[in-house]
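Notebook open, structure loaded. I want to look up charges first, then rings, then a loop.

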Amino acid sequence: MLYLGKYEFQEDLAKRQSSLMFFPADEDEAASWSFDCGFLSGNFEGEDISPSICINPIETECHCAAELAGQSFSVDTIEECDEREDTFYIFEHEPLCNYTVTVKEIKNSMALIQCVGRAIIDGYHDELPTIDFSMEVLVPVIEDKSDWDKLNL
């Protein structure tokens, strides 16, 4: 479930939009993981929206997705979020102000992810309107493209 201020949105697991992806290390790059989650359409300040969040690859010393349980990652500034190209979609894709994402548990090819922070609502205003958000979602773990088929996605 995602909470944008007083508004609630349920995660959308019907498509390949929501997942924790694990990328193993190779000779050129360290292992990393990323997190994306889309949410079902709902009301936000009188508008019908379908929010989503995209947290781009985070380096890790873990050797597989199961080892990510308990891992956290934080970004403290808009500039850092913008540089990493982490985004939150409310009306358009906007950088986050800050966030902490935590892999709370991995079990049966699913990851329980918690993410809290502050998001920009509309980047076209002179003074960027922001909102606090929090989510705790259960998403599929993808370590290989065949995982999508195993999960019937």
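I started with D149 and R16, which form a salt bridge with their closest N and O atoms 4.0 Å apart. My cut-off for a salt bridge is a side-chain nitrogen of Lys or Arg within 4 Å of a carboxyl oxygen of Asp or Glu. The two partners sit 133 residues apart, D149 in helix α2 (residues 146–150) and R16 in the loop between β2 and β3 (19–23). Helices (H or I, at least four residues) and strands (E, at least two) are DSSP runs, numbered from the N terminus.

Before going on, I noted what I'm working with: this is a predicted model, where local features need pLDDT of at least 70 and side-chain atom pairs count only at pLDDT 80 or more, while totals for chains, interfaces and linings use all residues. Residues are numbered from 1 along each chain as its sequence is written, and side-chain values use heavy atoms, with hydrogens and water left out.

Next I checked exposure at that bridge. I call a residue buried under 20% relative accessible area, exposed over 50% and partly exposed in between (1.4 Å probe, protein chains only). D149 is exposed because its relative accessible area is 55%, and R16 is partly exposed at 46%.

How many salt bridges does the structure hold? I got 5. One of them joins D132 and R118 at 2.4 Å, N to O. D132 lies in strand β12 (residues 130–142) and R118 in strand β11 (residues 110–120), so this bridge ties together parts 14 residues apart in sequence. Both ends came out partly exposed: D132 at 47% and R118 at 28%.

I also looked up R84 and D86, a salt bridge with its closest N and O atoms 2.6 Å apart. Is D86 buried or exposed? It counts as buried, because its relative accessibility is 0%.

D76, E79, E80, D82, E83 and E85 gather in a patch of negative charge on the surface. For such a patch I take residues with over 30% relative accessible area and no salt bridge, and join like charges within 9 Å. Asp and Glu count as negative, with the charge placed at CG of Asp or CD of Glu. The areas are Shrake-Rupley values with a 1.4 Å probe.

On to the rings. I pair rings of Phe, Tyr and Trp (its six-membered ring) if their centres lie within 6.5 Å; planes under 30 degrees apart are stacked, over 60 edge-to-face and the rest tilted. That rule gave me 4 aromatic pairs. In one of them, the centres of Y7 and F44 are 5.0 Å apart and the planes are at 65°, so I filed the pair as edge-to-face. It links strand β2 (residues 7–9) to strand β5 (residues 42–44), with Y7 and F44 37 residues apart. Y7 is buried at 16%, and F44 is buried at 0%. I then found F73 and Y99 as a tilted pair, 6.4 Å centre to centre with 45° between the planes. F73 is partly exposed at 21%, whereas Y99 is buried at 2%. I also noted that Y7, F44 and F91 form one aromatic cluster.

Last entry: A66. I placed it in the loop between β7 (52–59) and β8 (72–75), exposed at 52%.

Methods. Patch = residues over 30% accessible without salt bridge, like charges linked within 9 Å, V, L, I, M, F, W, Y side chains within 5 Å.
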